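Trainee: I'm new to this one. Could you show me how to read it?

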Amino acid sequence: MAGSSLDSKKGSRVKIIGGSHNACSGWIDKSRFPSNDYTPVIVVKKKGNREQELQTKVKHENYARNTKIKPAVNYGQAVLQQHADINELLNTLVRKMAQCELSGATDKSNKNFSSIFINRLCKARQRQEVKGSKAL
């Protein structure tokens with residue numbers, strides 16, 4: 001957006017990868033200081049057919065400074081690049097799983113927790129395969 005009143009406040013380019021501004025692009029907001037949990041940013045939000053720049057803040061883990069998307073080298077990476085909502089859900093899931101595993105008592109219980117996830121993923125894949133061409 002050329003000529004914005006926020007241009008002088010824009011720092012490094014970022015890509016929002018989680019939270020309420022997921023999949024938006026933007027900049028670090030140089031006019032404000034980060035807190036322990038949040039980084040001030042300027043994001044580009046699309047409203048209908050126009051774009052609007054918005055000053056806000058995002059959790060530190062919800063943005064990436066390198067906005068250049070590397071070519072996907074496998075199907076999984078391609079899916080996550082194309083579906084920011086799935087990527088955000090996956091990030092949330094693994095963070096929550098890690099929290100549970102940190103409070104777990106033994107390595108064996110952690111392996112059991114991970115095996116439950118793998119088992120449920122396999123069952124979900126089987127359900128999708130049964131649907132065939134109606135999988136979506």
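Trainee: Which helices each supply at least two residues of the nonpolar patch?

Mentor: Helices are DSSP runs of H or I with at least four residues, strands are runs of E with at least two, and both are numbered from the N terminus. Here, α2 (84–103) and α3 (107–131) each supply at least two patch residues. This is a predicted model, where local features need pLDDT of at least 70 and side-chain atom pairs pLDDT 80 or more, while totals for chains, interfaces and linings use all residues. Residues are numbered from 1 along each chain as its sequence is written, and side-chain values use heavy atoms, leaving out hydrogens and water.

Trainee: What does T39 touch?

Mentor: A contact means heavy atoms within 4.5 Å. Leaving aside residues up to four places away in sequence, T39 touches I28, P34, T56, K57, V58, H60 and Y63. T56 is 17 residues from T39 along the chain, with 8.6 Å between their C-alpha atoms.

Trainee: How many disulfides are there?

Mentor: A disulfide is a pair of cysteine sulfur atoms within 2.5 Å. Searching the whole structure gives zero. As for cysteines, C24 is buried because its relative accessible area is 11%, while C122, at 35%, is therefore partly exposed.

Technical notes. Buried < 20%, exposed > 50% of the residue type's maximum accessible area, 1.4 Å probe, protein only.
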